[in-house]
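Subject: Structure for you to look at

Hello,

Please find the structure below. My notes on it follow.

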Amino acid sequence: MIALIIIGAIVGLLLIAIFLPITIDLSYDSEFLIKIKYSGITVFDNKKSEKKQKNKYKKQKVTNEKSAKTKKDNFFIRTYKQKGLMGTIKYFSAILKIVLKKLMWLLKKFKFRRFKFDLTVATSDAADTAIKYGEVCAATYPVFALIQSVADFKPKDINISADFDKSKWEFKCAALVKTSAINWIIAGISVLIEIFKIQRKESEENERKQSKDRNGHNT
């Protein structure tokens with residue numbers, strides 16, 4: 001009887017825990033910042049973590065140099081290095097469109113606040129800038145429209161422009177997104193599944209291409 005009460009209490013606590021809200025506050029302006037709050041309590045803040053690390057590194061310079069060499073890039077940085085900004089935007093836009101269409105019912109439970117998206121397309125060639133600007137708009141605006149049509153989405157500013165006088169892209173973004181823990185879990189799993197599918201497809205295409213190249217060299 002006591003065991004059943006304990007199990008029931010644990011299950012009850014878990015049920016309460018997964019329905020409590022999680023708020024993710026993120027921004028990018030030359031550096032990526034993210035703060036996660038669980039039921040109003042900050043559980044992660046990479047800005048504070050970086051400050052602690054800097055203070056620690058000042059005391060241990062040797063350790064800092066070694067850790068800097070061995071530090072691995074996160075998934076977003078790796079994707080950016082592999083695909084570039086244009087490829088990264090297309091990649092994540094494609095994933096989001098697939099996930100959002102599959103989880104329309106879930107999207108309604110998300111609240112988007114302080115949403116900002118500012119992207120300036122620029123290359124050394126005017127024609128190339130115009131082409132890439134069109135590609136970016138085609139990739140991103142449908143995603144924003146889909147979110148706005150279903151979710152509690154109140155964007156502060158969405159701006160995509162082309163600058164023919166510059167040669168480098170400029171990108172800034174910020175958003176505060178809130179929903180229950182269970183919704184974050186479902187959305188996170190769905191995104192990971194789609195990323196895995198796309199990566200597997202890309203891997204298969206690369207293998208086929210390499211196989212054709214090898215066969216071509218052999219002949």
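Predicted model: local features only at pLDDT ≥ 70, side-chain atom pairs only at ≥ 80, totals over all residues.

**The second largest pocket**

Four strands each supply at least two residues of the lining of the second largest pocket: β1 (21-28), β2 (32-38), β4 (111-121) and β6 (170-180). The space in this pocket comes to about 200 Å³. Its lining has 14 residues, and those closest to the centre of the pocket are Asp25, Leu26, Ser27, Leu33 and Arg114. By type, the lining residues are seven charged, six nonpolar and one polar. As background, empty space is found by rolling a probe the size of a water molecule over the atoms.

The protein chain has an average pLDDT of 84, and 85% of the residues score at least 70. Among the elements of the chain, β1 has the highest mean pLDDT (94), while helix α3 (residues 61-70) has the lowest (49).

Met104 is part of helix α5, which covers residues 104-107. Is Met104 buried, partly exposed or exposed? Its relative accessibility is 30%, so Met104 counts as partly exposed; the partly exposed class lies between under 20% for buried and over 50% for exposed.

Which residues does Met104 touch, leaving out those up to four places away in sequence? They are Leu146 and Val150. Ser149 is 45 residues from Met104 in sequence, and the C-alpha to C-alpha distance between Met104 and Ser149 is 9.9 Å.

Regards

Note on methods: Residues numbered from 1 in each chain as written. Heavy atoms only, no water. Buried < 20%, exposed > 50% of the residue type's maximum accessible area, 1.4 Å probe, protein only. Contact = heavy atoms within 4.5 Å. 1 Å grid on protein atoms, 1.4 Å probe; cavity = no way out; pocket = protein on both sides within 12 Å on 5 of 7 lines; lining within 4 Å. Points joined across faces, edges and corners; volume = space filled by probe spheres on them. Nonpolar A, V, L, I, M, F, W, Y, C, P; charged D, E, K, R; others polar. pLDDT = per-residue confidence, 0-100.
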